[in-house]
Amino acid sequence: MEWNFLAVLRDFDLLMLGLLNTLKVTGLALLFGVPLGLALALSRLSTFRILSGIAGFIVEFFRTTPPLVQLFWFFFALPILIDVRMTPLIAAVVTFSIQSSAFFAEIFRGGILSIDKGQWEGAKAIGMTYGQCQRRIILPQAIKRMIPAFMERSIELLKTTTLVSTVAYTDLMFQANELAQKTFRPLEVYTIVAAIYFVLIFLFSQFSIAVEHRLAKSGEGTVR
Amino acid sequence: MSEILRIENLHKSFGDLEVLKGIDLAVQAGETVVLLGSSGSGKSTMLRCLNFMETPTEGKIHLNGELIGTERGGRMRYREAELCALRARIGMVFQHFNLFPHMTVLENVMEGQVIVLGRGKPEAQDKAMAQLDRVGLAEKAAEYPARLSGGQKQRVAIARALAMDPEVMLFDEVTSALDPELVGEVLKTIRQLAEDGMTMLCVTHELGFAYHVANRVLFLHEGTILEQGEPQSILKAPATDRMSEFLEGHSLFKLPD
Amino acid sequence: MAHNWDFATILQNWPVLWVGIKGTVFIFVITAILGLGGGLIVGIARYSKSPFVSWPARAFVEVFRNTPVLVQIIWFYYAFPILTGIETDPFLAAVLGISLNTMAFSAEIYRAGIQSINRAQWEAGKAIGMNYNQTLRRIILPVAVKRVLPALTNRGIEVFKMSTLASVVGYVETLNQAKLISDLNFNPIESYTAVAVIFFVVLYPVVQGTYVLERMLRKGD
Ligand SMILES: Nc1ncnc2c1ncn2[C@@H]1O[C@H](COP(=O)(O)OP(=O)(O)O)[C@@H](O)[C@H]1O
Ligand SMILES: [Mg+2]
């Protein structure tokens, strides 16, 4: 057995295209998932029982079912249920937005609950409404504490996006499969692709560790 | 003198626990009322009912002659917007300051003015600086609360409440969390407010402060006002055994003869 | 878009699904034992004073934590045989990918658990004449395991969900069988909903259990 990377390097642009799509799905899922997660967290914290019940169910459901099952459901089942043209990209973005929002919701909720009750009191006593307290006093403090958990979750999301290759979205994983078949060099292709993922994720997690250290130094606690 | 706060038959229960059992009180403009009572007697709950941090179970509260809430079906109903507007008119200072740690001292004092009262930033800043000057902390305006001493934090909290131009101020054991050497500066600030004619209700264990500053002292016991009167008489010659016992427990604070 | 939900076809195909469920449980048990058990060894190795032990352990953890588990499974399926000459069937590839990934994650959990125990307990062990191994086994580990139990349970839940990835290389488990049923009966809605519900019904009580466990342990500390 001999390593031969030539074939892979010749088609390296295919892999780069895949990488770009991987980042695109991750970015879009974050774009929708974070606000949705905040909405779910606020709903779950609401004193309105029905609302908090529904939000709680959504969060628990998407945390306890496998992402691949969710992806298949949105890709194969949803278009029949509601008459839409489903593309791999839409299925991927919908799945990972909702799936990660369930996790983000728990991070938001933990962050909000970690803020001292006195902050609510201080804000309420000067006449702030619930929304003003939340926006001006609680969330700015909570979000700072959530950053490490938030970044950890984003990294998990990036890893999970590899699943979109199974519904034929041309992410890095999918391009790897294509290239492996085309070049008959699965060892080199998959090793290179693993290395690309490793570098990407390793850098991102080193960055998140650095941020966490800085936050820890500035005396901010963190929630997980 | 005009009546600024009127409380009628105030009751408050937490579940089965009845904490306030019918409080009646009228406070005149410019009056300083001190609430005494042992721990758990309902002092905090009473103050918190006045600005509706807790919703009374029963009873009526009038501020400046207006009844707060509307009566329907024999019960009082309160709208959230009405209560927020009310809280903006009543200042409250807490034992643990509750300053906003992510804002500077100046921003702390401007926040309510800008967000709740809708004042413009320049005006809010001028008012904030004036109040910080009043509590002697103008030079700390740019600091974050974490860099202040406990006494300074509490004075900022007082400035934050004053900047809203409140009609009444409520103080809930504002010196209890402070190191003994820092108590004086805060009490001095409150005393100055009293002399400036602010209407105040203070829960405190500082009997010397009650003696010298209060116009009236209330003794709360098990959710009712057991005794009240001028400090010079009630602190020296309490009418009930309960209050005598309470005062003996605080004999550390020597009263002048 | 009034879809007629028809779960009758799922019930008719129950034996097909059952094969998948058995496959899921089988691979879950194997990977959970290997992953969570092996993680303890890696975690201890990572804590070792000898750099010849701690550095390989650290490299292992970094590699397997910082690559997606699906990449690992596929690598073991297509690349590993070429590199080593050892043939991997879908089951073996999935077991290798999921177990090694889980080992890396749980190693970090154990390490955090061991490090959370303060010096005094190590010294207490030494003071009554125990050597390093005895102290580790009899004093440090029992306390550490108790502390890491919630995180380990969460990992276990992740492993259970991860088992569906084995279907990508063709291992017969629940999702794979649901796809089969769906392709034969044209009922993807019912098939995939059924799988989602199965996972939810199994894991929901476990997740609730971990909340209770966390609360109990926090009180016990
Ligand atoms: N939010 C609450 N829920 C239940 N019980 C409360 C609450 N707040 C106060 N209490 C109870 O009400 C009683 C009076 O409390 P409080 O007004 O804080 O007393 P004080 O300030 O005089 O020490 C205490 O028994 C306390 O436990
Ligand atoms: Mg109190």
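Student: Is Phe171(B) buried or exposed?

Tutor: This is a predicted model: local features need pLDDT of at least 70, side-chain atom pairs count only at pLDDT 80 or more, and totals for chains, interfaces and linings use all residues. Residues are numbered from 1 along each chain as its sequence is written, while chains are lettered from A and ligands numbered from 1 in the order in which they are written. A residue is buried if 20 or more other C-beta atoms lie within 10 Å of its own, exposed if 12 or fewer, and partly exposed in between, with C-beta atoms placed from the backbone. Phe171(B) has 27 other C-beta atoms within 10 Å, so the class is buried.

Student: Which residues is Phe171(B) in contact with, leaving aside neighbours within four places in sequence?

Tutor: Phe171(B) sits in strand E9 (residues 168-172) of chain B; helices (H or I, at least four residues) and strands (E, at least two) are DSSP runs, numbered from the N terminus. Contact requires C-beta atoms, placed from the backbone, within 7 Å. By that test, the partners of Phe171(B) are Val93(B), Ile190(B), Met200(B), Cys202(B) and Val203(B).

Student: How many residues of H1(B) are buried?

Tutor: Helix H1 spans residues 43-50 of chain B. Its buried residues are Lys43(B), Ser44(B), Thr45(B), Met46(B), Leu47(B), Cys49(B) and Leu50(B). H1(B) is therefore largely enclosed by the rest of the structure, and its buried count, out of eight, is seven.

Student: Which elements are included in what covers the buried residues of H3(B)?

Tutor: Helix H3 (residues 105-115) of chain B is mostly covered, with nine of its eleven residues buried. Among them are Val105(B), Leu106(B), Val109(B) and Ile115(B). The cover comes from two chains: it includes H7 of chain A, plus, in chain B, helix H4 (121-134) and helix H5 (150-162).

Student: Which element gives the most residues to the side of chain A that touches chain B?

Tutor: The contact takes 15 residues from chain A and 21 residues from chain B. On the chain A side, the elements giving two or more residues are helix H6 (117-125) and helix H7 (130-160). With six residues, the top contributor is H6(A).

Student: What is the make-up by class of that side of chain A?

Tutor: Ala, Val, Leu, Ile, Met, Phe, Trp, Tyr, Cys and Pro count as nonpolar, Asp, Glu, Lys and Arg as charged, and the others, Gly among them, as polar. The side of chain A that touches chain B then divides into five nonpolar, seven polar and three charged residues.

Student: Which pair of chains shares the most contacts?

Tutor: Chains B and C can be set aside: no contact joins them, and their closest C-alpha atoms lie 25 Å apart. Two pairs of chains are in contact, and the pair with the most contacts is A and C.

Student: How many helices does chain A have?

Tutor: Read along the sequence, chain A follows the pattern α-α-α-α-α-α-α-α-α. It has zero strands, and its helices number nine.

Student: What share of chain A's residues count as buried?

Tutor: The C-alpha trace of chain A spans about 70 × 50 × 25 Å along its principal axes. Of its 224 residues, the buried share is 47%.

Student: At what angle do the axes of H2(C) and H7(C) cross?

Tutor: Axes are lines fitted to C-alpha atoms, for helices over the stretch in contact, and angles run from 0 to 180 degrees between N-to-C directions. Helix H2 (residues 14-46) and helix H7 (residues 132-162) of chain C have axes that come within 10 Å, crossing at roughly 140°.

Student: Which residues of H7(C) does H2(C) meet?

Tutor: H2(C) contributes Phe28(C), Thr31(C), Ala32(C), Gly35(C) and Leu36(C).

Student: Which residues touch the most other members of the largest nonpolar core?

Tutor: A nonpolar core is a set of buried Ala, Val, Leu, Ile, Met, Phe, Trp, Tyr and Cys residues joined through C-beta atoms within 7 Å. This one holds 191 residues, and those touching the most other members are Tyr190(A), Leu35(B), Ile73(C), Ala94(C) and Tyr192(C).
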